Amino acid sequence: MLSDVYIIGAGETKYGELWNKSLRNLAVEAGLKAIEDAGIYSKDIDAIYGANGLAGTINEQENIGALIADFSGLSNEGIPAIRIEASTASGAAALREAYLSIKSGEYNVVVVGGVEKMTDLHGSDIVNKMSSILDREWEAFYGATPASMAAIIARKYMHDFNVEKEALAMIPVNDHNNASKNPDAQYRNKITVEQALNSTPVADPLNLMDCSPVSDGAAAVVLASEDYVKKNGKDGIRILSSAIAEDYLSVGSRESIYTFNSARLAAEKAFMRSGLKRDDISFIELHDSFSIYALIELEDLGFVEKGHAKDIVYNDIKLDGSLPVNPSGGLKAKGDPYGAVGIGQAVEAYIQLKEKAGERQVKGAKYALLHNMAGTGASSVVHILGI
Amino acid sequence: MTELSRIWRETEYRYNLIGFRCKNCGRTYFPPRDICPYCHRESIGKMEKVKLSGNGEILSYSIVHDSSPAFKREIPYVMALIKLDEGPSITAQVVDCNPDEVDIGRRVHMVFRKIREDGKNGIIEYGYKFRLD
């Protein structure tokens, strides 16, 4: 029988350059926090889903499911544990698989976590590994990096819609402002528009402040069925809908290089399945690994017409605006540990919807939309959560 | 170190800019693909190799200041998306020019160039880059 699905616990590590913590340390820390928060025990757990993007290449470690279960002390229980990989959208993809496993009636309690340990590689080596989110043979082979592909999209977008660079800079300014109120964020300093515009060039027209950092971090949530929640008196938030959609792997294969069809399709399905409208959404967590992506996503998720994100990035997206974006600090300032990002967004939604976000609380938050994206838009996962 | 076969099997396409045309709908693709995303099973066995002219225009570009070890020596370099005259868009470098000369809409043509070295002991990998007309 189909079941409603609830998040009954959440936890995350701090995001940042965490030199004293390993891949397994991070995963275990986030998992234990979520389990403690949910008030469950190992005997309650039906399965573990672990999200990770690049451990095979960065940390030379695969078999992530077993690793996480083992070092969480769960080996004797024989609990199923698998890793879900969907590049930078691994987190939300794992959240969705966990959601489906409970919705279907197969499981009652699932722990789903995401982890990425990125600072174990030095400087330009990490840029090479991160370029695996592109088409290695036909993009990265020729010198393309994730930032350069985002920059190619940005230049065309700014050119065709007459958008000033300043509009892009409003995204990191907003992210840093919100992250200053988030103790788990990698960067808690506020920045000005001028600082953003004058920061070091990475891939022109994008500067350092347009690009998410290299981050270590992990996040985890505990999902439970309606039956489990009722029988055990748990207090959770509900996953109203979950959707995933794919597009061409490479930017160059798409009809429009500044349209994320994956985001359009996933959002359409998520809204249809939830029965909500755009106006119902209290805040959004966007996949803004590059500032330009936030503008395009706001359009393709259906919150503003194509080419018009510039009309809302100056005011509406602020914490006290009409459509708060990234109260967590987003990928730019909270951080971008690839596989953890999508779960970290769910952690933020859980904190916000339970009104426990303190200084960065979105007033009267009822519904959250989370968008986690792979590569340059190859996959999008959208979740809508509510109280 | 990369096994030679990984590079060797793509040389035909990378050296000569060979794409694929769907005989069912006539669309042309690069890089090569076995199935046309518009014709699906109708295209199976009907994708034929086609030599692309190497002429096109710059759809958009970026000047790259941070990259992988293999490209560090070339920084700053121009990475572009080039719309080929036959239809497909291709991700490649634009070379032999000052980055300031590059612009959206400029005509370019393909040139054969060294792409990268696989470390000190690996092979040298070649392929296409583009020059301003």
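Colleague: What share of the contacts in chain A between residues at least 6 apart in sequence join residues at least 24 apart?

Modeller: Two residues are in contact if their C-beta atoms, placed from the backbone, lie within 7 Å. This is a predicted model, in which local features need pLDDT of at least 70, side-chain atom pairs count only at pLDDT 80 or more, and totals for chains, interfaces and linings use all residues. Residues are numbered from 1 along each chain as its sequence is written, while chains are lettered from A and ligands numbered from 1 in the order in which they are written. Among those contacts in chain A, the share is 77%.

Colleague: Thanks! Into which domains is chain A divided?

Modeller: The bounds come from an automatic or database domain assignment. Chain A is divided into domain 1 (5-122 + 215-237) and domain 2 (126-212 + 239-386).

Colleague: And how many residues of domain 1 of chain A are in contact with domain 2 of chain A?

Modeller: The centres of the two domains of chain A, taken over C-alpha atoms, are 23 Å apart. On the side of domain 2 of chain A, 40 residues take part, and on that of domain 1 of chain A, 39.

Colleague: Nice. Which element gives the most to the side of domain 1 of chain A that touches domain 2 of chain A?

Modeller: Helices (H or I, at least four residues) and strands (E, at least two) are DSSP runs, numbered from the N terminus. At least two residues of that side come from each of β1, α2, α4 (90-103), β4 and β7 of chain A. With 7 residues, the one giving the most is α4(A).
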